[in-house]
Structure formats: C-alpha cells, structure tokens
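Hello,

Here is the structure I said I would pass on. My notes on it follow below.

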Amino acid sequence: VSSVAPERTEKGTFVGESIPRKEDGRLVQGQGVFVDDMKRHNMGYIHFVRSPYAHARILSVDVGAALEAPGVLGTLTGDEVAILTEPFFQIAPPPGGQLKDYALAVGRARFVGDPVAAVVATTRELARDAAELVEVDYEPLPVSVDIMKALEAGAPLVHPEIETRASPATPTRR
Amino acid sequence: MSLSEPSDSRSISVEVNGQTYEREVAARRLLVHFLRDDLDLTGTHIGCDTGNCGACTIQVNGQAVKSCMMLAVQADGARLRTVEDLASDDGELTPLQRAFSTHHALQCGYCTPGMLMSATALLEQNPSPSEHEVRAALQGNICRCTGYWNIIEAVQAAAQEVSAK
C-alpha cells in the first residue's frame, strides 16, 4: 500500500501546516475495511424492515412468521430495543436534548425508511425473505414536507414530546 | 432440465480487474454482492442498495454503473473494473486518487470508491471536463462529509495533470 502522505523530514509544530492524512492511501484504493467489509466464521446477516410512511404510528409488529422462516437466527423490534438499550446520547441542548432516539423506531416511524424491525439469518437472502414476512400495522400520521411550514404553529411534530422543532436560535419567518 | 423448469442459479463468466472468473451464482444475487461476498472485493461499498447513493459504482465495459442495480447474471460476459484496479500493482496511485487526497476530496472514505469510479469513467470519455460536466457525471454519487466542492476540484486537477503530460 503506497502512502499519499510524503515523509515528514522536519519536526513541525503542526500549527499553520497542512498535515496530510495517513488514512487516504488505503481509502482511495478500496482498502478501508469498514464494518460491512468484515467477515467472521458463522456470522449472521441482518435485514431491516423499514417504514414506507414518512410519519406513522406503529400499532403492532408481528415477527411470528419471520421467526419460523428458514435460516432465521432472531428478530428484533423497536419495543424490544427500548427495553434492552438506553436511548442514544443527545448532543443538542434542551429541548432537543430531551428526545429519546433508539436504534429502531419505537412506537412511531419518523421518515420513509425508518428501521422498524430487524431480522438476522444465516444468509443475506434468507434474512431478506424472512423480513418480508414481518407484519407491521401502521396508522399514517400527518406530514410536513416544507421546512418553513414545518416551523409554523400547529405543524405536525417529529417528536411530540418536544413541543416545537424551532430552537431558540431559529429565525422566525418574516 | 426442461425449459419450463425454472432455475434459481446460473453459471456466469466475467472479467473483473483483468482476471476471468467462472462462477455459479444465484439468479437473484446482486452484482455488488457477487463482487463483495463471492470475490471478496470489498472496496465497492453499499450505501443504500436502492440506486440512490452511488457508493457501489463500478465500470461495466467502461461505463460507470451502480452495481446494486444489476444482477450478477446480467454481467455474464462483461468486463468489470472496480476501485481495487485503479492503482498499479506496485501501489502507484492514479492522478485521480492522488488528487482526491491532496484536495481533501474524502473524509470518511465510504463514498470514495464510487466517486473515483464515476470520475474515472468520465475522464476516459472526456479528458478535460468543465465543472458542469464533472457535476453532471457525479450527480449519482452522494457524499456526506466533504460537500462536493473539493471532489469537483480534485477531478479537474487530475484532468489537468494528465493533459499537461
């Protein structure tokens, strides 16, 4: 693997210098070894069941048929994730910092593609097949697709526990 | 086997990075999974598997193609090139690969193989593209880190370096 970065001959202070990145050489050659690139003996493959709605209440998730499907090692739902894990750490100050966000949608899907359930199986294809057997009952909720309208009073909220999505620093519409 | 009997796999022959592979593949297998799982060429990434992000872009007979939008069986008889084939065997980077680093056109590097393959196909067909032409060629590739400016500058810098030679 060649290095993009030239050898540093003098001991610099770093301040005021352009420091070449050490990782570029492998990243531009497809040798990054990201998590998805790793293979382990007997490893399982995950497939996510994702929300077709931009905003919906998740009334029920039935993984019964998926669990019985060939090659399936296990399933996970949002409700289980909420029991098994702590919410993600939030960086934003309140009120944004008060929201509870998990690895799977809990109770509510907030965008098209929001992962609602996960299926793990012995192969990629069996995981995908079994994921199609997961039955999710949604109740579609109002959406807002205009960012300025989304700031207006009464606009549908992504996280109802936070009463507005406008931060104190958000400029108001003139 | 009669013709009416459906088969769920097929034997294919593809040339990948100059090497010919003959493999039995599932009919449903995506080309990107064939490259990554069957041939262990994991430089080609999967960002979405819905054709939106471009991380899986490779060259198929010289054309930039999103390999999650093709089945492996559709590549039968084709000549494929992935990011692993860009640098020479002794690790000498292409001007484009070098320019990506010197212009800070990558940060996490996840979209980079797709960007490089789209830009490589562009430069082969158009050795000195305008900024607009670079943008048009890369419109199918999404990057969340670098904001595109540096990527466009890198592609144009590589084009200039090659044409100056």
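The largest cavity is lined by B:His45, B:Ile46, B:Gly47, B:Cys48, B:Asp49, B:Gly51, B:Cys53, B:Gly54, B:Cys56, B:Lys66 and B:Cys68. Please keep in mind that this is a predicted model. The volume of that cavity is about 40 Å³. By class, its lining consists of five nonpolar, four polar and two charged residues. Searching the whole structure for cavities of 30 Å³ or more gives one.

The other topic is the interface between the two chains. About 2000 Å² is buried between chain B and chain A, and carbon and sulfur atoms account for 47% of it. The residues of chain B that lose the most area to chain A are B:Arg28, B:Leu93 and B:Ser101; together they make up 23% of what that side buries.

Seven salt bridges are found across the interface of chain B and chain A. One of them joins B:Arg36 to A:Asp36, with 3.3 Å between the closest N and O atoms. Polar contacts between chain B and chain A come to 12 residue pairs, counting pairs with both residues at pLDDT 80 or more.

Regards

Methods. Residues are numbered from 1 along each chain as its sequence is written. Chains are lettered from A and ligands numbered from 1 in the order in which they are written. This is a predicted model: local features need pLDDT of at least 70, side-chain atom pairs count only at pLDDT 80 or more; totals for chains, interfaces and linings use all residues. Side-chain values use heavy atoms; hydrogens and water are left out. Buried area is the accessible area (1.4 Å probe) that two parts lose on being put together, summed over both. A salt bridge is a side-chain nitrogen of Lys or Arg within 4 Å of a carboxyl oxygen of Asp or Glu. A polar contact is a pair of N or O atoms within 3.5 Å; within protein, one must be able to donate a hydrogen and the other to accept it, and residues adjacent in sequence count only if both atoms are side-chain atoms. On a 1 Å grid over the protein atoms alone, a cavity is a set of points where a 1.4 Å probe fits but cannot get out, and a pocket is an open set with protein on both sides within 12 Å along at least five of seven lines; lining residues have an atom within 4 Å of a point. Grid points are joined across faces, edges and corners, and a volume is the space filled by probe spheres set on the points. Ala, Val, Leu, Ile, Met, Phe, Trp, Tyr, Cys and Pro count as nonpolar, Asp, Glu, Lys and Arg as charged, and the others, Gly among them, as polar.
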